[in-house]
Amino acid sequence: MIPVTKPFLPPVEEFNAYVEDIWKRKWLTNMGPLASHLETKLKDYLNVRNLLFVTNGTIALQMAIKALNLSGEVITTPFSFVATTSSIVWEGCTPKFVDIDDNTLNIDSKKIEASITAKTSAILATHVYGNPCDVEEIERIARKYNLKVIFDGAHSFGVTVNGRSIFDYGDITTCSLHATKLYHSIEGGLLVAKSPDVLKKLSSMRNFGISGSESFTELGINGKNSEFHAAMGLANLPYVDQIYKQRKLLTECYNESLGPVNVFRPKWHAQSASNYAYYPLVFENEDVLLGVKAKLDKHEVFSRRYFYPSLASVLPYLKESPELPIADSISSRVLCLPLYFDLTVEEVKLISALIIKAINNI
Ligand SMILES: *Cc1c(COP(=O)(O)O)cnc(C)c1O
């Protein structure tokens with residue numbers, strides 16, 4: 001059996017060394033020393049100034065929307081994980097979907113301006129599969145119309161654009177450190193803010209809005225993460241460069257083994273290098289995808305229709321389900337293949353051979 005993903009785990013002794021320290025201190029959560037240490041290490045590794053370690057990537061999105069005081073309409077992408085849209089609705093705003101670009105699969109920045117109304121307060125875009133959005137153009141539009149920008153960077157840990165961290169763009173960028181992501185802390189999330197004042201607000205919001213033993217500065221939530229999650233984040237961090245390297249090798253092996261197959265691969269941002277977070281293929285049509293998926297399933301190779309269906313068409317709590325032809329088309333044809341640290345070159349070759357066989361039989 002080959003799963004679509006498998007979490008990376010560090011040598012258990014390295015995790016245990018952190019856990020033994022937790023046992024000695026009996027400080028289990030609430031901005032403990034490991035959580036603070038992880039924040040310092042991540043700021044250094046990612047080269048960003050204002051960063052917080054929080055419960056998960058979804059809470060990070062909700063806190064970002066709240067901290068920027070968004071209301072009314074938020075322009076967003078239909079081609080993302082459900083948390084991108086649900087966070088907007090959860091915070092009392094209305095998602096306004098803009099179709100995606102058929103080369104990058106990110107929100108089409110050329111279509112954003114036509115969707116801006118007097119009620120628009122922000123743009124919330126996802127760097128899909130880690131591939132940077134058209135960040136400079138999105139920031140230009142936001143400045144012109146006085147909008148806030150949040151990037152859902154759940155997939156884009158470690159990605160740079162023009163040598164700068166992708167997390168440096170937008171008013172706030174969020175990241176997920178969930179076990180299925182490239183770099184993880186079991187459950188976890190990050191908030192990176194451009195302004196130190198916004199970070200200060202987020203930091204207070206993360207801890208119920210408490211400012212002193214008997215005072216509160218604002219509405220808050222429990223967005224803290226624990227020492228055990230921080231321990232996993234710290235134990236995994238030294239391996240991140242090895243993780244990219246192995247994923248790069250496997251990606252290149254897929255590219256080579258799948259060689260002549262008639263598929264489309266999303267085009268990566270020209271000033272950025274991939275972090276190899278996913279291996280998506282876009283097939284000619286949905287029948288080909290279903291044929292390939294059935295063949296893989298039969299051999300216990302699990303792939304994932306990620307993202308399918310388009311969020312604009314499937315969520316029961318949306319008032320409008322606009323037609324977004326490119327997102328609908330891509331989501332019906334895209335399949336993510338297994339990609340994780342423990343996957344072997346032999347397994348990649350086997351998966352590729354199954355795909356070629358399936359396509360030839362259609
Ligand atoms: C995983 C993911 C999230 C949610 O992160 P959690 O840490 O699981 O809450 C949000 N957006 C995208 C694009 C994701 O892939």
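Student: How do the residues of the shell around the ligand divide into nonpolar, polar and charged?

Tutor: This is a predicted model, where local features need pLDDT of at least 70, side-chain atom pairs count only at pLDDT 80 or more, and totals for chains, interfaces and linings use all residues. Residues are numbered from 1 along each chain as its sequence is written, and side-chain values use heavy atoms, with hydrogens and water left out. Ala, Val, Leu, Ile, Met, Phe, Trp, Tyr, Cys and Pro count as nonpolar, Asp, Glu, Lys and Arg as charged, and the others, Gly among them, as polar. On that scheme the shell splits into 4 nonpolar, 10 polar and 2 charged.

Student: Which residues come nearest to the ligand?

Tutor: Being near takes a heavy atom within 4 Å. There are 16 residues around the ligand, and the nearest are Thr58, Asp152, His155, Ser176 and Lys181.

Student: How far is a polar side-chain atom of Ser176 from an oxygen atom of the ligand?

Tutor: Polar contacts here are pairs of N or O atoms within 3.5 Å. For Thr58, a side-chain N or O atom is 2.6 Å from a ligand oxygen. For Ser176, the distance to a ligand oxygen is 2.7 Å.

Student: Are the rings of Phe8 and Tyr239 stacked, edge-to-face or tilted?

Tutor: Rings of Phe, Tyr and Trp (its six-membered ring) pair if their centres lie within 6.5 Å; planes under 30 degrees apart are stacked, over 60 edge-to-face, and the rest tilted. The structure holds 12 such pairs. With the Phe8 and Tyr239 centres 5.4 Å apart and the planes at 40 degrees, the pair is therefore tilted.

Conventions
A polar contact is a pair of N or O atoms within 3.5 Å; within protein, one must be able to donate a hydrogen and the other to accept it, and residues adjacent in sequence count only if both atoms are side-chain atoms.
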